[in-house]
Amino acid sequence: SDIIAMWAEAESVARAAGHLLRARLDDTRMIHFKDGGRSNLVTDADKASEALVIEALRARFPSHGLLTE
């Protein structure tokens with residue numbers, strides 16, 4: 001069914017993002033703070049993995065909307 005195919009694709013994309021994060025685990029990182037706060041940080045690796053997920057899901061499901069954090 002369509003939902004099973006979407007689930008499988010989402011899992012594949014999530015695993016690819018996880019591999020990217022693991023590969024960059026020991027790298028030096030740039031840290032940014034979201035919303036001007038000092039407790040809500042995001043690294044360049046976080047941004048790269050999010051970009052990977054967005055690009056892959058938009059390519060596979062162009063008519064779907066995405067909501068990211």
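**Entry 1**

I began with isoleucine 31, which is partly exposed at a relative accessible area of 47%. I used these classes throughout: buried is under 20% relative accessible area, exposed is over 50%, and partly exposed lies in between, with a 1.4 Å probe and protein chains only. I note that this is a predicted model, in which local features need pLDDT of at least 70 and side-chain atom pairs count only at pLDDT 80 or more, while totals for chains, interfaces and linings use all residues. Residues are numbered from 1 along each chain as its sequence is written, and side-chain values use heavy atoms, with hydrogens and water left out.

I located isoleucine 31 in strand S1, residues 31-33. Helices (H or I, at least four residues) and strands (E, at least two) are DSSP runs, numbered from the N terminus. I then found that Ile31, Phe33 and Leu41 make a nonpolar surface patch of about 260 Å². For such patches, residues must have over 30% relative accessible area and no salt bridge; like charges are joined within 9 Å, and nonpolar side chains (Val, Leu, Ile, Met, Phe, Trp, Tyr) within 5 Å. The areas come from the Shrake-Rupley method with a 1.4 Å probe, and for residues only the protein chains shown count as cover.

**Entry 2. Packing of H1 and H2**

I looked up the helix pair next. Two packed helices are described by the angle between their axes and the distance between the axes. Helix H1 (residues 2-23) packs with helix H2 (residues 44-60) at an angle of about 155 degrees, and their axes are 9 Å apart. This makes H1 roughly antiparallel to H2. The classes are roughly parallel under 35 degrees, roughly antiparallel over 145, roughly perpendicular from 65 to 115, and oblique for the rest. The axes are lines fitted to C-alpha atoms, for helices over the stretch in contact, and angles run from 0 to 180 degrees between N-to-C directions.

Leucine 52, in helix H2, is 32 residues from leucine 20 in sequence and 8.9 Å from leucine 20 in space. Leucine 52 is partly exposed at 26% relative accessibility. Alanine 56, also placed in helix H2, is 47 residues from glutamate 9 in sequence and 9.1 Å away in space. Alanine 56 is partly exposed at 25%.

**Entry 3. Salt bridges**

Side chains of opposite charge can pair when their charged atoms come close. My search of the whole structure gave 3 salt bridges, a salt bridge being a side-chain nitrogen of Lys or Arg within 4 Å of a carboxyl oxygen of Asp or Glu.

Arginine 60 pairs with glutamate 9, the closest N and O atoms being 3.8 Å apart. This pair links distant parts of the chain, with arginine 60 in helix H2 and glutamate 9 in helix H1, 51 residues apart. Arginine 60 is partly exposed at 42%, and glutamate 9 is partly exposed at 24%.

Glutamate 11 pairs with arginine 15, with the closest N and O atoms 2.9 Å apart. Both lie in helix H1, 4 residues or about one turn of the helix apart. Glutamate 11 is partly exposed at 36%, whereas arginine 15 is exposed at 53%.

Arginine 24 pairs with aspartate 44, the closest N and O atoms being 3.0 Å apart. Arginine 24 lies in the loop between H1 and S1 and aspartate 44 in helix H2, so this pair ties together parts that are 20 residues apart in sequence. Arginine 24 is partly exposed at 23%, and aspartate 44 is partly exposed at 21%.

**Entry 4. Aspartate 2**
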